[in-house]
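Hi,

Here is the structure I promised to pass on to you.

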Amino acid sequence: MPEPAAATSPPSTARLWLRLTPLHLFAVVAVALCVAGGFWQLGAYESRQGDAARESAAAAPAPVEQVWGLGRPFAADLQDRRVTVQGRFAPADQQVWVRGEISGGRTWLVAPFLVDGSDGALLVVRGSTDAPGELPPVPSGDVNLGVVLQPSQGGGLPLDADRVTTSITTPSLVNELPYRLWSGYGLVQPAGDGAAVVVGDAVQPPDPDVSWTVGLKNLAYALQWWVFAVFAVALWWRMCRDQVEEARERHTTARRPDDHPVDSLTP
């Protein structure tokens, strides 16, 4: 009478997972493709943002009276807007120095510019220097300037004896100047008449503010690809777990003594 076959131990977890190598490789490739696709779409989104910023910076400036007016509030869409202003400078002794957080450790020279067609003045930043000093002369006669508009800042202190303040705050400076002031200011660009106006270093405008919705479709596609990657990982884990559990169950339920344990897996 033949002896019963010796009991066999269940297959090890490492051996079962090793049998699923083709499935592991497929999951790695799928996740890599999804992640790469997401970064590719993210790059396309950033490229669209950059193109929009460059287009905004290169847009032809409009006359200020076409987009804004004296006594009107500074609307959000005016910030970083490039415009032209025509008029003349107020006397040199009405200029002010601005040194504070807004000027980044430098000292800005700000001059009232009397805009043609209005009875007020637009404050313009002529440039930046290391420290305040004697107020320089202003150009005489009619001047046509290109400026980048910026909103009035808050928290400016009253002018001291050297005509220095900490910020371009039009509600405060209107008490120091004999003019109505526009509710923002302009950064003079060193082109055309601006070349003779700039004192020291020209103050560079910030990068144009581009809405995050520009290129939104590409951003959505990037997020979609990364969701697919997470789904692929979850699906891989579920399939591997089910295959391993199925193999263990087949081994446990084998009833004939001469049965061999079943540990083969089909990914």
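Predicted model: local features only at pLDDT ≥ 70, side-chain atom pairs only at ≥ 80, totals over all residues.

Areas come from the Shrake-Rupley method with a 1.4 Å probe, and for residues only the protein chains shown count as cover.

Residues are numbered from 1 along each chain as its sequence is written, and side-chain values use heavy atoms, leaving out hydrogens and water.

**The whole chain**

You'll find six helices and eight strands in the protein chain. These are DSSP runs numbered from the N terminus: helices are H or I with at least four residues, strands are E with at least two. Their order from the N terminus is α-α-β-α-β-β-β-β-β-β-α-β-α-α. Of the 267 residues, 37% are buried. The chain exposes about 15,400 Å², and carbon and sulfur atoms supply 58% of that.

**Inside**

In soluble globular proteins, nonpolar side chains tend to be buried together. The largest nonpolar core here has 23 residues, and W68, F89, F113, V124, L145 and V147 have the most contacts inside it. A core means buried Ala, Val, Leu, Ile, Met, Phe, Trp, Tyr and Cys residues joined through side-chain atoms within 4.5 Å. Strand β6 (143-151) is one of the elements that each supply at least two residues, and β6 gives the most, with four. A second, separate core has 19 residues, including L123, I168, L187 and V203.

What does W68 touch, leaving aside its neighbours within four places in sequence? W68 is in contact (heavy atoms within 4.5 Å) with P73, F74, L78, L122, L149, W182, S183 and G184.

Six bridges join β2 to β6, and the two run antiparallel; V85 stands opposite L145 in β6. Five bridges join β6 to β8, again antiparallel, with V147 opposite V188 in β8. Strands pair if DSSP finds at least two bridges between them.

**Charged pairs**

A salt bridge needs a side-chain nitrogen of Lys or Arg within 4 Å of a carboxyl oxygen of Asp or Glu, and that rule gives five. R106 forms one with D130, where the closest N and O atoms are 2.4 Å apart. R106 is in the loop between β3 and β4, and D130 is in the loop between β5 and β6, 24 residues apart. R106 also meets D201 in a salt bridge (2.9 Å, N to O). D201 lies in the loop between α5 and α6, so this pair ties together parts 95 residues apart in sequence. R238 and D242 form another, at 3.3 Å from N to O. Because R238 and D242 are four residues apart in helix α6, about one helical turn separates them. As for R106, D130 and D201, shared partners join them into one network.

Enjoy exploring!

Notes: Buried < 20%, exposed > 50% of the residue type's maximum accessible area, 1.4 Å probe, protein only.
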